[in-house]
Amino acid sequence: MNAVTPLQPNFDTPTRLEALNDWVARTAALTRPDRIHWCDGSDAENAALLARMQADGTLLPLDGEAYPNCWLHRSDPSDVARVEHLTFVCTRERDDAGPNNHWMAPGDAHAKMDALFDGCMRGRTMYVVPYCMGPIDSPLARCGVEITDSPYVVANMRIMTRMGAAALARIEREGTFVRGLHSTGELDPDRRFIMHFPEELSIQSYGSGYGGNALLGKKCHALRIASWQARQEGWLAEHMLIVGIESPQGETHYIAAAFPSACGKTNLAMLIPPQGYREAGWKVWTVGDDICWMRPGADGRLYAINPEAGFFGVAPGTSAQSNPNALASIRHDTIFTNVAVTADNRPWWEGLGEGEPATDWQGRPYDPANGPAAHPNSRFTVSAKQCPSYSPEAENPAGVPISAIVFGGRRASLVPLVFEARDWTHGVLVGAVMGSETTAAATGAVGVMRPDPMAMKPFCGYHYGDYFAHWLSFDQPGAKLPKVFHVNWFRKGDDGKFLWPGYGENMRVLEWILARVQGTAAATQTEIGALPSAGALNLDGLSLSAEAKQALFAIDRTQWAEEFGRIGEYLQTLGDRLPEKLEQTRAEIARSLG
Ligand code: GTP
Ligand code: SPV
Ligand code: MN
C-alpha cells in the first residue's frame, strides 16, 4: 500500500466567493478544527485520504487481487441506518413541514445544533467539500458545499457526487449553494440530529457517520431541500431510479420508478433482460438508481437527470443471478460498509451465493447465533461509471425524456403485479396512496406496513398536501406527461414465498408498460386501473402456479373497497392542504367498488 502521505493542510481559501469564505470561517470559529482542508477532488487527494484512513483503521483493505482498491468500513454498531425519528424539517411555519415530517422551530433547532457543534472538531480536520448534484454543465444540476470532519464522508462524497474543483468553479459562477454542516460527534444516539432548514437552504447533521444521515448531498440535499426548491421553481425531486429500455428496433424509452428504500430501485435500474429478450435485441441502460430530478422541457415532456454520480447500494441479496451488473461494478475501487468478510478477506453478505463468512459486520468471528453476518443494511459505494450498463445519456446535460412513471412497494397481499392509471390525476392518486413494508434502510421495526406516498415519506421536505398539489399542477395544456403505472414484485403466496420471480424477469412487465405507452398492448379496465389482458403480458417460459396467476393478475373488489376506506382515512390526516381533486378521485373509485 501507499506510504501515508500527509494531506497538505490548507488554511488558505482557494475561493474569492465571500459568502463561502464567511461561512467556512464562522463554522471553524464554532467547531474549532485543528486544520481546514479544502477538497479539490483530485486523485492525489483521494489517495492521501484513503491512506490516512487505512493507517487509523477507518478503512480496512480487502483482498487486493480479487478486489483491487476496495475497502471495508465498519461503522459504529449503533449507527447503521437512517434515523427518521431524529430527522427534522425546520420551517418558520410548522404547517409547512406537514404531518409527514418531524418539525422544530428554526431558532430552537439552531440553538440545539450550535451547542452540539461547539468545539466538536477540536483535534480533527475540517474538510470543505464543494459538490455538484447532476452533470456539471447541466442547467438542471444544483450545487452545495458540505463541511464535515469525517474523511469517510469525503471519500464517499467523491464517489457519489461531482466533487471538487469543477463544482467550486460553478458555485463561484452562480454564487448560491446549499450549506451542509456535518460532524460525526461522539456517535451517541442521544446526541444525534439531522436538521433541515429549507428556507435557508441549509442542513445540519450531528452524531452519525451513516450514508443518508451524513452524505448530505444525497437524501438531505437532493430530496428534502431540493423537493422544497423544486416546488418553488416548477420541477420535481423524487426518490426514483431512471432506466432506459432499448427495443430491438433501436428505440430507447426512459422510465422513472419510485420504490421505497430497499424495495428494488438499484435492481430494476441495472436489470439484465432474460435470455430470450437479449437474443431478440432488448437492452437496458442505467441512468440512476435512487434519485431523479425532472422538469418539463420545451416540447412538454418531462426531462430527468440523475443528480448522483455513484451508487450507495444495498449489499444483501446482490448476486450473480439477481444483479450481475452491480456485482461487476463493485470488483474494484469500491467502499463496502458493514459487510462480512471471508477467510481470504473478500466481502460477503447474505444472498451473495458464494464463499463463507469468517468475520461478521462487527468484526467478530462469524457465529450464526449473533444474527446475519452482514448487516441487513450493509452497502457498497461505487462510481456509476463502473457499471457495465451505465448509460452515456446519464451525462447529457439536458436529461432524458421520461415515457412512464412507475410506483411500487412491498405488498405481500392485495396489490397485483402491474396496473396502469387512467390519467395524470389518477396517477397522482396511485402514488399518493402507496403503502409499503418498512425495511432495514431506516432504524426501527422491519416489515411493518405504512403509508409511503411516492416512496417519499422520509424525504419530502414539505407538507404532503402541498406536494400532491404540486404534482397535480404539471397537468397543463400542452404538457405531454408520462403514463403512470403501479407495480408489485413482492406479492406472497400462502406458503410465504414470493409469487413473482422478479429481478430480470421484471423486464416482461416493463415491456407491457412500454407497449401501453405506444398504444400496442391490450389492457382490461378495472376500478383501480387497467390490468394486462390475458396474454398481453409475456409469461412464456415461466412456471407460475394457478394461484400465482390468479393473485398477480386479478383484483379482489371487496378487499380493495376496504383498502380505499383506509386510504381515505390516511388522506384525511393531511388536513385541508389535501387537494380536493385527489379526495374526489378516491371517493369515486371507492363508490365504484361498492
Ligand atoms: P435504497 O438504496 O435503500 O433506496 O434501495 P433500493 O430501492 O435501490 O433497493 P434494492 O434494489 O437495493 O433492493 C433491496 C432488496 O430488495 C435487495 O435485497 C434485493 O435483492 C431485493 N429485490 C430487488 N428487486 C427484487 C425483485 O424484483 N424481487 C424480489 N423478490 N426482491 C427484490
Ligand atoms: C435509502 O435509505 O433510501 C438509501 C440509502 O438510498 S441512504 O443514503 O441512507 O438514504
Ligand atoms: Mn434510497
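User: Which residues of α14 are buried?

Analyst: In this predicted model, the buried residues of α14 are Met 507, Arg 508, Val 509, Leu 510, Trp 512, Ile 513, Leu 514, Ala 515 and Arg 516. A residue counts as buried when its relative accessible area is under 20%.

User: Why do residues three or four places apart in an α-helix point the same way?

Analyst: An α-helix has 3.6 residues a turn, so residues at that spacing face one direction. In α14, the buried set includes Leu 510 and Leu 514. After α14 comes Gly 519, with a positive phi near 75 degrees.

User: Where does Asn 506 lie, and is Asn 506 buried or exposed?

Analyst: Asn 506 belongs to the loop between β27 (483-487) and α14. Its relative accessible area is 3%, so Asn 506 is buried. With residues up to four places away in sequence left out, Asn 506 touches Leu 268, Leu 271, Trp 489 and Trp 500.

User: How should I read a buried residue within a helix, and what is the case for Asn 213?

Analyst: One takes its location, its accessibility and its contacts together. Asn 213 is part of helix α7 (residues 211-214). It is buried, because its relative accessible area is 1%. Its side chain forms a polar contact of 3.0 Å with the side chain of Ser 208. Leaving out residues up to four places away in sequence, Asn 213 touches Asp 79, Ala 81, Arg 82, Val 83, His 182, Ile 194, Ser 205 and Ser 208.

User: Which residues come nearest to ligand 1?

Analyst: There are 21 residues around ligand 1, and those that come nearest are Ala 262, Lys 265, Thr 266, Arg 379 and Tyr 503. Helix α9 (residues 265-269) supplies the largest share of this shell, 3 residues. The space that ligand 1 takes is the largest pocket.

User: Which atoms approach the oxygen atoms of ligand 1, and at what distances?

Analyst: On the backbone side, a polar atom of Ala 262 lies 2.7 Å from an oxygen atom of ligand 1, and a polar atom of Pro 316 lies 3.1 Å from an oxygen atom of the ligand. From the side chains, Lys 265 places a polar atom 2.7 Å from an oxygen atom of ligand 1. Of the 660 Å² of accessible area that ligand 1 has on its own, the protein covers 93%.

User: Which residues are around ligand 2, and where does ligand 2 sit?

Analyst: Ligand 2 sits in the largest pocket. The residues around it include Arg 82, Tyr 210, Gly 212, Lys 218, Lys 219, His 239, Asp 290 and Arg 379. A polar side-chain atom of Lys 219 is 2.6 Å from an oxygen atom of ligand 2, and a polar backbone atom of Gly 212 is 2.9 Å from an oxygen atom of the ligand. An N or O atom in the side chain of Asp 290 lies 3.3 Å from an oxygen atom of ligand 2. Taken alone, ligand 2 exposes 290 Å², of which the protein buries 98%.

User: What is phi for Leu 201 and for Ala 455?

Analyst: Leu 201 has a phi near 50 degrees, which is positive in a residue other than glycine. Leu 201 is in the loop between β10 (193-197) and β11 (202-206), and its relative accessibility of 25% makes it partly exposed. Ala 455, also a residue other than glycine, has a positive phi near 60 degrees. Ala 455 occupies the loop between β26 (449-451) and α13 (464-472), and it counts as buried because its relative accessibility is 0%.

User: Finally, which residues does Ile 136 touch?

Analyst: Leaving out residues up to four places away in sequence, Ile 136 touches Arg 162, Ala 166, Ala 167 and Arg 170. Ile 136 is in the loop between β6 (125-133) and β7 (142-148), and it is partly exposed, with a relative accessible area of 30%. Sequence separation can also be set beside spatial distance: Ile 136 and Pro 397 are 261 residues apart along the chain, and their C-alpha atoms are separated by 7.9 Å.

Technical notes:
Residues are numbered from 1 along each chain as its sequence is written. Chains are lettered from A and ligands numbered from 1 in the order in which they are written. This is a predicted model: local features need pLDDT of at least 70, side-chain atom pairs count only at pLDDT 80 or more; totals for chains, interfaces and linings use all residues. Side-chain values use heavy atoms; hydrogens and water are left out. Helices (H or I, at least four residues) and strands (E, at least two) are DSSP runs, numbered from the N terminus. Buried means under 20% relative accessible area, exposed over 50%, partly exposed in between (1.4 Å probe, protein chains only). Contact means heavy atoms within 4.5 Å. A residue is near a molecule or strand if one of its heavy atoms lies within 4 Å of it. A polar contact is a pair of N or O atoms within 3.5 Å; within protein, one must be able to donate a hydrogen and the other to accept it, and residues adjacent in sequence count only if both atoms are side-chain atoms. Accessible areas come from the Shrake-Rupley method with a 1.4 Å probe; for residues, only the protein chains shown count as cover. On a 1 Å grid over the protein atoms alone, a cavity is a set of points where a 1.4 Å probe fits but cannot get out, and a pocket is an open set with protein on both sides within 12 Å along at least five of seven lines; lining residues have an atom within 4 Å of a point. A molecule sits in a cavity or pocket if more than half of its atoms lie within 2 Å of its grid points.
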